[in-house]
Amino acid sequence: MHEAEYDRYQSVEMVMPIGEIYSRNVACARRDATVKAAAQLMREYHVGSVVVVEEMVGKRIPTGIVTDRDIAVAVVALGLDPEVI
């Protein structure tokens, strides 16, 4: 990139609201779901995370998130059984 192009690029403020890129198709699992079940949801929905929810008064309330990295580092790397955890 030439210097003039770089300067022009730097002077343009790039703003993209998160609402333009987020996904409304969210994979959710209850706290008592196994790691294997969470991984299967990630595969089914082609996502890298699952929102952990609790049922309260007929509504699903988000309480956390588990990511594919969480599974790799906290389960697979330690040789733990994802069907039990």
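This is a predicted model: local features need pLDDT of at least 70, side-chain atom pairs count only at pLDDT 80 or more; totals for chains, interfaces and linings use all residues.
Begin by selecting Gly48, which sits in the loop between helix 2 (35-45) and strand 2 (49-56), and which counts as partly exposed because its relative accessibility is 30%. Show its surroundings next: setting aside neighbours within four places in sequence, Gly48 is in contact with Met42, Val66, Thr67 and Asp68, while its C-alpha atom is separated by 8.1 Å from that of Arg69, 21 residues apart along the chain.

From Val66, one of the contacts of Gly48, move to the largest pocket, whose lining includes Val66 together with Ala29, Val50, Val52, Ile71 and Ile85. This pocket has a volume of about 170 Å³, and its lining is made up of nine nonpolar, one polar and two charged residues. Colour strand 1 (28-30), helix 2 and strand 2, each of which supplies at least two residues of that lining.

Now select Arg30 and Arg31, both among the lining residues of the pocket. The side chain of Arg30 meets that of Asp32 in a salt bridge (2.6 Å, N to O). Arg31 forms a salt bridge with Glu54, with the closest N and O atoms 3.5 Å apart; since Arg31 lies in the loop between strand 1 and helix 2 and Glu54 in strand 2, the pair ties together parts that are 23 residues apart in sequence.

Finish at Lys36 and Glu83, which form a salt bridge whose closest N and O atoms are 3.4 Å apart. Lys36 lies in helix 2 and Glu83 in the segment after helix 3 (68-76), so this pair ties together parts that are 47 residues apart in sequence.

Notes: Residues are numbered from 1 along each chain as its sequence is written. Side-chain values use heavy atoms; hydrogens and water are left out. Helices (H or I, at least four residues) and strands (E, at least two) are DSSP runs, numbered from the N terminus. Buried means under 20% relative accessible area, exposed over 50%, partly exposed in between (1.4 Å probe, protein chains only). Contact means heavy atoms within 4.5 Å. On a 1 Å grid over the protein atoms alone, a cavity is a set of points where a 1.4 Å probe fits but cannot get out, and a pocket is an open set with protein on both sides within 12 Å along at least five of seven lines; lining residues have an atom within 4 Å of a point. Grid points are joined across faces, edges and corners, and a volume is the space filled by probe spheres set on the points. Ala, Val, Leu, Ile, Met, Phe, Trp, Tyr, Cys and Pro count as nonpolar, Asp, Glu, Lys and Arg as charged, and the others, Gly among them, as polar. A salt bridge is a side-chain nitrogen of Lys or Arg within 4 Å of a carboxyl oxygen of Asp or Glu.
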